[in-house]
Amino acid sequence: MVRKTTPPQDLIRGIWKENPVLVQMLGLCPALAVTNTVKNALAMSAATFFVICCSSVLVSSCKSFIPKEVRISSYILVIATFVTLADMMLQAYAPVQHKELGAFIALIVVNCMILGRQEAFSARNTVFRSLLDAVGTGIGFTIALIMMGGFREILGTGSFLDIPLFGPGFEPWVVMVLPAGGFLTLGFILLAMGYAEQRRKAGESA
Amino acid sequence: MSDQTLFSIFFSAMIVNNFTLAMFLGLCPFMGVSARVETALRMGLANIFVLVLTSLSAWVLNTYILGEAPYLRIISFIIVVASLVQIVEMVVKKIAPVLFRQLGIFLPLMTTNCAIFGLAIFQTNRGYDFLQGIVFAIGAGLGLTLALVLMASIRESSELSDIPAIAKGTGLTLIIAGSLSLAFMGFAGVL
Amino acid sequence: MTDRVETDKLTITPPAPDAAPEQEPAEAKVSTFRLVATLAVAGILAGILIALVNQHTHPIIETYRAEQLRKAVYEVLPGIARYDTYYLIDGALRPALPQGAKESDYKRAYFGYDEGEELKGVALSRGESGFQDIVLVIFGFDPAAGTLSGMKVLESKETPGLGDKIFKDQAFVDQFFAGPRLPLLGVKAGAGKGEPNEIDTITGATISSKVVISIINHAVEEWTPVLEQGVPEEAKP
C-alpha cells in the first residue's frame, strides 16, 4: 500500500510502534552483545544514531544519482563510511568505551536496521522526512538498548551507570551480564510486551 | 600472529566461545531458522563455506593492502563480503539449484550476517595469521551450525507442545537461546 | 525487497514462486559505465572523507595508546626513571625496527633504568586464553634476581564478579608486587607452604588466576635465553 504518513508519524513510529529491535527484531547482534552495562548501551546507541542519521540524509540527498541496480551496494558503502568515521572518533574521544564495544562498532555496518531504513524509506523520500525517520528509528533503538542494558546491569551488578544502587548485601545475578543473560533479558522483555498486548486486546474487545 | 594454538582457536570458536551463543554473531539466521534440522544443517554448511572464503580474503587484504590504510578496513571488508556472497549465490544456483531454492532468501541475507563480517573483524583484531584464520573460520562455522541445529531440533519438538500464546515465536526462541548459552558456559575453562 | 503495491483485485495473477530479483532484459538498462562510475565516485568520496578524519584522529589515538603503555610500564617496574624499548628480531634484541616494518609484528621488551642508570628490571607483555577470552598482561621482573616486581592486567573479558577479580581484587594483585620468585606457582588460598614463589589463587576464579600466572611464567621462559645475551652494544647510551 502506498504509504501516506505525515512527517510527525515518520518520527514517532520508529520509537515504539515499529521499534526496530523489539518489534521488527532487527539489530539483534548489538542489542544483545553490548548491553551488559548501560554505559555500553548508550555508547553503542550514540554511534548507531550517528550512522543512521548521516546515512539516511546522504542516501536521500543522492537518491536521484543512484541507479537502481547498485542501490544496495551504494547504501552499504555510505553506511560503511559513517561507521568507519564513528569508529575513529570513538577511539579518539572515548577510548575506554571503544575498547569495551570492541568489534561491535564495526558490526554496525551489518545492522539490518540501518540498511532496511535506507531501502524502505530514505531512497524514496525527502531529506527532511528521511532524517525524521532516522531519528525516530535511532531513538527507538536507544530505548530498546537502554531497557536491556538497565535490566542487565541492575540485576547483574547491582549498579546503574556504575552507581551502586543496592547495599553491599545484594547478591548480583551474574548471569545477567553474561551472554545467556542477554538472550534471556530480551526474551522476557518480548514476553512482557506480548502479555501487555494480550491484555490490551482483551480489554478492547471486552 | 597470535600465541594461541590452532586447537585452542578452533575449539574456542566452536564450543567454548561459541560464535552464536557466546559472541552473538549470526543471530539473524539463528532467530529465523525454520524448525527443520535439515535446513539448519544446510544453512550452517553454506555459512562455513562463506566464512572460510571470508577468512582467506580478509587475510589477503590485511597482509597486502590494508597495511598502509587500516582505516579503510571496514569498507573493504564489507565490499569483499558482499561480493563473496554474490559469487557464492551464483555458484550455488548453478551447481545445486535445489539447495538454492531451499535456502531462498537466506543466501543474499548473508551479506548482512554479523557472523561473516564479524569473523573478518575478529580475525583482524586478534592478529591471526593465514592458518589460524582458516581454523578460526571453520571452528566458528561449525559452532554456528551447531547452534542452528540445536535450536532447530528443540523447536521441532516444541512445535508439538503447548506454548502460551505470548511466548510463541521470537520470545520462546530467545529463552531457548539463553538456556543453550548457559549450557555452553559449562565448557568454559576446558582449555 | 520491492515496495508492496496494491494489485487490482480483478486481476488474477498467481504470485511468482521466488520473486528472484532478475533484471528485466528487454527494458533499457542503465549503462554499465554509469553503474561502475557511480560506485567508483562514491568510493573515492568515501575514501577522501575517511582519510581526512583519520588525519585528525590518528594522532590522538596514538598519543593515548603510547600514554597507556608508558603508564603501565612505570606501574609494573616501580622506581624506574626511564625505560628503553627493544624488539625481538630473529632471536636477538634490537633497539629499533628494520625500515618499514610494522610494530605490531614484533615482540617487545621494556628495559627500565633507575636514576643511577642501573637496570632495575624488564617489562614484558603477553596474552593467553583465559576463562572467557584472551587475557593480556604486562609485568615487570628482575632477570638477575629472578623476582617479579609488578603486574598489570591490560585486557580481560573474564567473568564479571568472578574472573575480573584478577584486576579488581587488590589483595590478589598486591601479591605480584611483593617480589615473588620466578617461576610462580599458583596455590589455593591457605593451602600454600609459604614458599617464596607461591601466589594464592582467587577462590571461584582459579582458572583466571592461573592464566595470569601462566602468562608470566611462559613469557619469562621464552625471553630468558634472549635476555641473557644482554642489551646490544650499539644501543647503550
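Axes are lines fitted to C-alpha atoms, for helices over the stretch in contact, and angles between N-to-C directions run from 0 to 180 degrees. Helices (H or I, at least four residues) and strands (E, at least two) are DSSP runs numbered from the N terminus. The model is predicted: local features need pLDDT of at least 70 and side-chain atom pairs count only at pLDDT 80 or more, while totals for chains, interfaces and linings use all residues. Residues are numbered from 1 along each chain as its sequence is written, and chains are lettered from A and ligands numbered from 1 in the order in which they are written.

The axes of α4(A) and α1(C) come within 9 Å and cross at roughly 5°. That angle makes α4(A) roughly parallel to α1(C) (under 35 degrees counts as roughly parallel, over 145 as roughly antiparallel, 65 to 115 as roughly perpendicular and the rest as oblique). Residues of α4(A) that meet α1(C) include Ser73(A), Leu77(A), Leu85(A) and Met88(A); on the α1(C) side, Ala42(C), Ala46(C), Ile50(C) and Val53(C) are among them. By class, this contact has 13 nonpolar, nine polar and no charged residues. Ala, Val, Leu, Ile, Met, Phe, Trp, Tyr, Cys and Pro count as nonpolar, Asp, Glu, Lys and Arg as charged, and the others, Gly among them, as polar.

## Chain interfaces

Two residues are in contact if their C-beta atoms, placed from the backbone, lie within 7 Å. On that basis, 35 residues of chain A are in contact with 32 residues of chain B. The elements giving two or more residues to this side of chain A are α2 (28-33), α4 (71-93), α6 (112-120) and α8 (179-205). The largest share, 12 residues, comes from α8(A). This side of chain A has 27 nonpolar, seven polar and one charged residues.

Between chains C and A, 24 residues of chain C are in contact with 22 residues of chain A. The chain C side has 14 nonpolar, seven polar and three charged residues.

## The six-stranded sheet of chain C

Chain C has an open sheet of six strands in the order β2-β1-β3-β4-β5-β6, with antiparallel pairing. Two strands pair if DSSP finds at least two bridges between them. The edge strands, each pairing on one side only, are β2 (92-94) and β6 (147-155). Neighbouring strands are turned by 30° against each other on average, direction ignored.

Strands β4 (residues 119-129) and β5 (residues 134-142) of chain C run antiparallel and are joined by eight bridges. Leu124(C) stands opposite Phe139(C) in β5(C). Helix α1 (residues 32-76) of chain C packs on the sheet, touching β1 (82-89), β3 (108-113), β4, β5 and β6. The direction of α1(C) makes about 150° with that of β6(C).

## Val226(C)

Val226(C) lies in helix α4 (residues 206-228) of chain C. Leaving aside neighbours within four places in sequence, Val226(C) is in contact with Leu88(C), Gly91(C), Ala92(C) and Leu93(C).
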